Amino acid sequence: MPVEATETEVVVTHPSNGNTAVKILNYGATAYSWTIEGKEQLWLSAAAKLDGSKPVRGGIPLVFPVFGKNTDDEYLSKLPQHGVARNSTWEFLGQVKENPPTVQFGLGPELANEELTSLWPFDYTLVLTIELGKEHLKTDIEVVNTSTAEALKFNWLFHTYLKIDDIEDTMVSNLAEFKVYDQVLKQTYIDNQPVVSVHEELDRVYQKVSENRVIQVVDKGEPIHTLKRKNLPDVVVWNPWVDKSKSMADFEPKSDYEKMICIEPGHVHDFIVLKPGEKWSGSQLLSKDSLKYQVV
């Protein structure tokens with residue numbers, strides 16, 4: 001069966017290869033494993049909680065309606081870091097396409113975490129669509145403001161943890177020439193470096209990155225992950241390095257900062273605002289591709 005659903009998770013297997021699959025928890029609608037011919041593409045902490053007791057450390061957590069911790073908005077400021085979506089159990093809506101196998105999950109305030117919904121009492125519907133190809137994984141989100149009276153203000157981000165062999169040999173390409181907010185340095189600047197390399201804690205929000213920029217994670221000259229985006233103008237690049245890894249209880253082994261990098265497409269430099277009845281969508285496409293240097 002290409003799609004198998006239990007009470008807690010959904011496993012989608014590609015019909016052409018039983019070792020190409022994606023596993024998605026109902027809690028957070030978090031894809032926590034994606035394999036291509038048996039090789040894992042996503043990083044998952046050995047201490048990640050997969051029982052719904054807390055958001056998953058690894059895979060592709062979903063960030064909505066706020067990125068990080070808000071301090072300004074009357075309602076968003078009451079929410080924990082990264083909001084409601086990753087802290088709620090979504091409804092599995094079923095398979096919507098046979099090949100490539102595609103499934104959907106849904107969330108609204110009637111299903112979302114009750115405590116957080118009481119703090120952020122807005123009407124919305126989220127539909128997450130996950131498509132598994134032979135060598136790609138596409139995640140698409142649609143947000144609908146179902147209120148008849150109030151605007152819906154939110155961020156969205158796919159907090160994608162990618163598995164790598166060695167951070168010292170890894171670079172991220174095609175992000176040069178865009179404005180960056182550096183969350184470690186607390187500074188904003190234009191990054192003119194042709195590639196991003198990691199030698200210490202890195203936490204950068206690249207803003208309004210052209211959609212035609214193909215972001216690649218490159219290992220010793222070979223692209224191992226390729227990311228394309230639609231309607232997601234911002235890209236967060238994050239690696240916790242030594243000290244931050246030690247400070248996170250669910251980050252194990254502590255040395256695994258060497259084996260992961262987060263490339264997170266989203267809309268976080270400002271808020272999306274939907275009038276009653278309006279909808280918004282965005283998507284990321286993770287795939288294998290040839291090397292594409294768009295800036296040097």
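1. Which residues have the most contacts inside the largest nonpolar core? They are W90, L126, I261 and I263, in a core of 77 residues. A nonpolar core here is a set of buried Ala, Val, Leu, Ile, Met, Phe, Trp, Tyr and Cys residues joined through side-chain atoms within 4.5 Å, where buried means under 20% relative accessible area, exposed over 50%, and partly exposed in between (1.4 Å probe, protein chains only).

2. Please keep in mind that this is a predicted model, in which local features need pLDDT of at least 70 and side-chain atom pairs count only at pLDDT 80 or more, while totals for chains, interfaces and linings use all residues. Residues are numbered from 1 along each chain as its sequence is written, and side-chain values use heavy atoms, with hydrogens and water left out.

3. Strand β21 (residues 260–274) gives the core its largest share, seven residues; strands (E, at least two residues) are DSSP runs numbered from the N terminus. Setting aside neighbours within four places in sequence, L126 is in contact (heavy atoms within 4.5 Å) with residues including F64, W90, F105, I141 and W156.

4. The largest pocket holds about 700 Å³ of space, and of its 30 lining residues F67, G68, Q81, H82 and Q183 are the closest to its centre. A pocket is an open set of points on a 1 Å grid over the protein atoms alone, where a 1.4 Å probe fits, with protein on both sides within 12 Å along at least five of seven lines, and lining residues have an atom within 4 Å of a point. Strand β21 also supplies the largest share of this lining, five residues.

5. According to UniProt, in an unreviewed entry, the feature "binding site" is placed at R57, Q81 and R86, although such annotations may be inferred rather than shown by experiment. These positions are spread over 30 residues of sequence, yet they cluster in space, with a largest C-alpha distance of 13.4 Å. R57, Q81 and R86 are part of the lining of the largest pocket.

6. Is Q81 buried or partly exposed? Q81 counts as partly exposed because its relative accessibility is 44%, whereas R86 is buried, with a relative accessible area of 19%. Q81 lies in the loop between β6 (62–63) and β7 (91–97), and R86 is placed in the loop between β6 and β7. Apart from neighbours within four places in sequence, Q81 is in contact with G68, K69 and R86, while R86 is in contact with Y27, G28, P55, L62 and Q81.

Notes:
Helices (H or I, at least four residues) and strands (E, at least two) are DSSP runs, numbered from the N terminus. Grid points are joined across faces, edges and corners, and a volume is the space filled by probe spheres set on the points.
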